[in-house]
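Student: Could we go through this model together? I'd like to ask about the helices, the strands and the pockets.

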Amino acid sequence: MQIIQIKRAYEPEASTDGFRVYVDRLWPRGLSHATFIYDLWDKEIAPSADLREWFHADPGHRWGEFERRYAAELHANPAFAALRATLAGRDRVTLLYSSHDAAHNNAVVLRSELAG
């Protein structure tokens with residue numbers, strides 16, 4: 001059984017991370033390319049710029065609709081199938097995100113859609 005966990009990009013790498021995938025379109029502020037450890041940066045799996053900007057305008061009230069819209073984007077995005085193929089057979093995967101909110105970010109939705 002595959003374990004998919006999520007972790008903030010600013011947290012240190014751990015031996016329990018497995019295959020590390022950064023899933024945001026923008027580079028995490030303040031992190032150096034030399035010190036941020038990841039196996040894959042999948043910019044194409046991130047929410048569209050329009051969806052990201054819409055959500056960030058009022059995250060407290062738009063989470064449910066963001067989940068629905070981002071899931072729809074994922075299923076229409078060829079990068080989602082490609083990511084699934086890349087992750088197939090890997091026992092442990094960590095999706096890395098840069099948002100401050102651990103409960104309301106694209107990695108939460110992506111993990112749910114990958115598991116489903």
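Student: Which helices each supply at least two residues of the lining of the largest pocket?
Tutor: This is a predicted model, and in it the helices that each supply at least two residues of that lining are α1, residues 49-57, and α2, residues 59-76.

Student: And which gives the most to the lining?
Tutor: That is α2, which gives four residues to the lining of the largest pocket.

Student: What volume does the largest pocket have?
Tutor: Its volume is about 640 Å³, and of the 24 residues that line the pocket, the closest to its centre are Asp 24, Arg 52, His 56, Ser 98 and Ser 99.

Student: How does the lining split by class?
Tutor: The lining of the largest pocket has 10 nonpolar residues, together with eight polar and six charged ones.

Student: Switching to strands, which way do the residues of β2 point?
Tutor: Strand β2 covers residues 19-22, with Phe 19 and Val 21 pointing one way and Arg 20 and Tyr 22 pointing the other way.

Student: Okay, and are those four buried or exposed?
Tutor: All of them are buried, whichever way they point from the strand.

Student: How many bridges join β2 to β4?
Tutor: Four bridges join β2 to β4, the strand of residues 92-97, and the two run parallel; within β4, Thr 94 is the bridge partner of Arg 20.

Student: What about β2 and β3, how many bridges there?
Tutor: Two bridges join β2 to β3, which spans residues 40-41, and these strands also run parallel, with Val 21 standing opposite Leu 40 of β3.

How values were computed: Residues are numbered from 1 along each chain as its sequence is written. This is a predicted model: local features need pLDDT of at least 70, side-chain atom pairs count only at pLDDT 80 or more; totals for chains, interfaces and linings use all residues. Side-chain values use heavy atoms; hydrogens and water are left out. On a 1 Å grid over the protein atoms alone, a cavity is a set of points where a 1.4 Å probe fits but cannot get out, and a pocket is an open set with protein on both sides within 12 Å along at least five of seven lines; lining residues have an atom within 4 Å of a point. Grid points are joined across faces, edges and corners, and a volume is the space filled by probe spheres set on the points. Ala, Val, Leu, Ile, Met, Phe, Trp, Tyr, Cys and Pro count as nonpolar, Asp, Glu, Lys and Arg as charged, and the others, Gly among them, as polar. Buried means under 20% relative accessible area, exposed over 50%, partly exposed in between (1.4 Å probe, protein chains only). Two strands pair if DSSP finds at least two bridges between them.
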